Amino acid sequence: MNVTVRLGQYAKYAILLLFAFLALYPLFLMIVSSFKSNMEILTSPLGLPHSLSLENYTEVWDRVNFGTYVWNSMYVSGLSVFFILFISSLAAFYLSRYSFRWNPYVLFFFMLGLMLPMKLAILPLYMIMLQLHLLDTLTSLVILYVAGGIPFGVFVFYGFFKTLPTELDQSARLDGCNGFQVYYKIILPLMKPALATVGIVHLIGVWNDFFYPLIFLKSEELSTIPLGVLALFGEYDTEWNLLFASLTISSLPMIIAFLFASKQFIEGLTSGAIK
């Protein structure tokens, strides 16, 4: 029996190692290729570089103004995620903690945002931004991302708030807290798993988005990373060494963010099942 159990455990570990390898190898290959020359990538795409040099990174940073693209992506992603978390958490707190006749209708209105993709309304959105004189501005991207991210945030936060006992609110109000103080001092510290889940999901989506910047941005100095990387694709040739270097730079913030918030992210995914 012990032999059978051990064989089963070894089989599980082997399967987990296989999936880990399949998930991490493309990332490893991207980082390794960022140190190669273009000829090395074409002649030996799976091999190791002959020498480690930061020439590709310095060249892509100076040649295509990559620092500006990184700043634009950080600006748009940071503001978008902040407003998504702030607005959706307040809306979900109101809907879950206050009972009014219109609560189900307001909640259904937010849920419609999950069912209707915004890209189907790209032409009306373009005309709205044109009339508001927001075309070719980073503000237009922030507005679009916040509007598209609030429904999912409300959906997650609403379910999370429903798992918290209302006695927490009542005890805080007995101590003299108003509604916003209950949210800020009592509920918000307990929301870390849900905040990490919604934050990482939207941060990855906003950071890697190519569609909206392509439509709403025209100036090169306002380009985000996905749009700026397009400059590395030529009509007849592609500089793969610079492309892999730029992809590695753009991936580092997401990897770091996930490493710092991975524990809260996993807790947010499993908290509903545990409770």
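This is a predicted model: local features need pLDDT of at least 70, side-chain atom pairs count only at pLDDT 80 or more; totals for chains, interfaces and linings use all residues.
In which handedness of crossing does α7 pass α10? The crossing is right-handed. Two packed helices are described by the angle between their axes and the distance between the axes.

**Helices α7 and α10**

- Helix α7 covers residues 138-162 and helix α10 covers residues 192-207; their axes lie 10 Å apart, at an angle of about 160°.
- Because an angle over 145 degrees counts as roughly antiparallel, α7 is described as roughly antiparallel to α10.
- On the α7 side, the residues that meet α10 are Tyr145, Gly149, Phe152, Gly153, Val156, Phe157 and Phe160.
- On the α10 side, Ala194, Leu195, Val198, Val201, His202 and Val206 meet α7.
- Sorted by class, this contact of α7 with α10 contains ten nonpolar residues, three polar residues and no charged residues.

**Helices α8 and α9**

- Helix α8 (residues 167-174) packs with helix α9 (residues 179-187) at an angle of about 115°, and their axes are 10 Å apart.
- The crossing of α8 and α9 is right-handed.
- Leu168, Asp169, Ala172 and Arg173 are the α8 residues in this contact, and they meet Gly179, Val182, Ile186 and Ile187 in α9.
- By class, the contact of α8 with α9 has five nonpolar residues, one polar residue and two charged residues.

**Ser250 in helix α13**

- Ser250 is located in helix α13, which comprises residues 240-274.
- The relative accessible area of Ser250 is 9%, so this residue is classed as buried.
- A polar atom of the Ser250 side chain lies 2.9 Å from the backbone oxygen of Leu247.
- When neighbours within four places in sequence are left aside, Ser250 is in contact with Trp207 and Ile225.

**His133 and Asp136 in the loop between α6 and α7**

- His133 is found in the loop between α6 (122-131) and α7, and Asp136 has its place in the loop between α6 and α7.
- The phi angle of His133 is near 60°, which is a positive value in a residue other than glycine.
- Asp136, also a residue other than glycine, has a positive phi near 60°.
- With a relative accessible area of 69%, His133 is exposed.
- Asp136 has a relative accessible area of 22% and is therefore partly exposed.

Methods:
Residues are numbered from 1 along each chain as its sequence is written. Side-chain values use heavy atoms; hydrogens and water are left out. Axes are lines fitted to C-alpha atoms, for helices over the stretch in contact, and angles run from 0 to 180 degrees between N-to-C directions. Helices (H or I, at least four residues) and strands (E, at least two) are DSSP runs, numbered from the N terminus. Angles under 35 degrees count as roughly parallel, over 145 as roughly antiparallel, 65 to 115 as roughly perpendicular and the rest as oblique. A crossing is left-handed if the near helix is turned anticlockwise from the far one by less than a right angle, and right-handed if clockwise. Contact means heavy atoms within 4.5 Å. Ala, Val, Leu, Ile, Met, Phe, Trp, Tyr, Cys and Pro count as nonpolar, Asp, Glu, Lys and Arg as charged, and the others, Gly among them, as polar. Buried means under 20% relative accessible area, exposed over 50%, partly exposed in between (1.4 Å probe, protein chains only). A polar contact is a pair of N or O atoms within 3.5 Å; within protein, one must be able to donate a hydrogen and the other to accept it, and residues adjacent in sequence count only if both atoms are side-chain atoms.
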